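Subject: Structure handover

Hello,

Here is the structure I said I would pass on. My notes on what was found in it follow below.

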Amino acid sequence: MEFQQLKSFVAVAQTGSITRASDILHLSQPAVSAHIKAMEETLGLQLFERTARGMVLTTEGNALKARADAALSAHGDVLREATRLRGALAGKFRLAAAANAQCSALGALMVTLAERYPDVEIELTHATSPEVLEGIRSGRLDAGFYVESEDADEDLTSIEVARFGTYLAAPAGMVDRSETLDWQVLQTLPWICPGLDSCCGRSVEALFQRHNFRPTKIISIDRESVTRTLLAGGVGIGLLHADTAREAQLAGEIDILCEVKEIVRVLFVHLAERGHDPLLDTVSKIVRYG
């Protein structure tokens, strides 16, 4: 049983909700649900009743919660004592996150650093993925979260923190989906696209080349939340990350037309040559192990 599963179990027990627990833990709802399911399978016990009032502990779950609380408390004591023994970690850590690299790992890292290392000052900036890499290589940044580029990055040490797929989507009812997609018709519609310096921008450009066309009108947007709003408003067609696309489809806002890219990786990266820096090493271990 993994430690993160215990944290999810206690958070759901305390809040009575997968949604609220995911907010507290800075994890996705599917991740928290998977932790609970894995615990139940490992223990051979049903820990929660799924009711209209939310997640309610079973008799067995209630009996285990006190032990889980004690385990989390002991874990915290070990971390605090280790911090005391090795001396307080302090200093400024310059971190960047690409706008299209939305992932729960960033929030979890910020919370953990605040709890364990209050003397570490985080300077967080948002940028494009190329800007994150440029900042790390120039020394302006210590590390960053970005969407993996097509080029090899041998000078960087990377940790995969998330992955997603991308879909081409249209406002609900805008495109006839009864037959094969007509790309000549699609090219006449407005396309809502990020720039070529983003993963989705490169994917869209590859799509244009594959089907030998270029849209008459392109609306340049680099925020997925704005793209979703414009799609829901019937402005045009565009790319969404898989989770966002499915959520918008279930809400009746969009129709998914096709998959554009199956796997896109989100990475935490820093210069390989700086791997022995104490603060950077600590941050990397938090990202990797929690």
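Strands β1 (residues 48-51) and β2 (residues 54-57) run antiparallel and are joined by four bridges. Helices (H or I, at least four residues) and strands (E, at least two) are DSSP runs, numbered from the N terminus, and two strands pair if DSSP finds at least two bridges between them. β1 and β2 make a hairpin, with two residues between them. Thr51 has Gly54 in β2 as its bridge partner.

The model is predicted, so local features need pLDDT of at least 70 and side-chain atom pairs count only at pLDDT 80 or more, while totals for chains, interfaces and linings use all residues. Residues are numbered from 1 along each chain as its sequence is written, and side-chain values use heavy atoms, with hydrogens and water left out.

Next, the sheet. Eight strands form an open sheet with mixed pairing, in the order β4-β3-β5-β10-β6-β9-β7-β8. From one strand to the next, the twist averages 25 degrees.

Some of the pairings can be followed by residue. β3 (residues 91-98) runs parallel to β4, and eight bridges join them; Arg94 stands opposite Glu123 in β4. β3 also pairs with β5 in the parallel sense, over three bridges, and Ala97 stands opposite Phe145 in β5. β7 (residues 191-193) and β9 (residues 237-241) are paired in the parallel sense over two bridges, with Gly238 in β9 as the bridge partner of Ile192.

Two helices lie across the strands. Helix α8 (residues 199-210) lies across β5 (143-147), β6, β7, β8, β9 and β10 (254-271), at about 140 degrees to β7. Helix α10 (residues 242-250) lies across β6, β9 and β10, at about 115 degrees to β9. Axes are lines fitted to C-alpha atoms, for helices over the stretch in contact, and angles run from 0 to 180 degrees between N-to-C directions. Contact means heavy atoms within 4.5 Å.

How do α2 and α3 meet? Their axes come within 9 Å and cross at roughly 105 degrees. The two helices are therefore roughly perpendicular to each other (the term covers 65 to 115 degrees; under 35 is roughly parallel, over 145 roughly antiparallel, and the rest oblique). Residues in this contact include Ile18 and Leu25 of α2 and Val32 and Ile36 of α3. By class, the contact has five nonpolar, four polar and no charged residues. Here Ala, Val, Leu, Ile, Met, Phe, Trp, Tyr, Cys and Pro count as nonpolar, Asp, Glu, Lys and Arg as charged, and the others, Gly among them, as polar.

Last, the largest pocket. On a 1 Å grid over the protein atoms alone, a pocket is an open set of points with protein on both sides within 12 Å along at least five of seven lines, and lining residues have an atom within 4 Å of a point. The largest pocket has a volume of about 1,400 Å³, the volume being the space filled by probe spheres (1.4 Å) set on the points, which are joined across faces, edges and corners. Its lining has 45 residues, with Gln4, Lys7, Thr112, Arg116 and Gly290 nearest the centre. α4 gives the most to this lining, nine residues.

Regards
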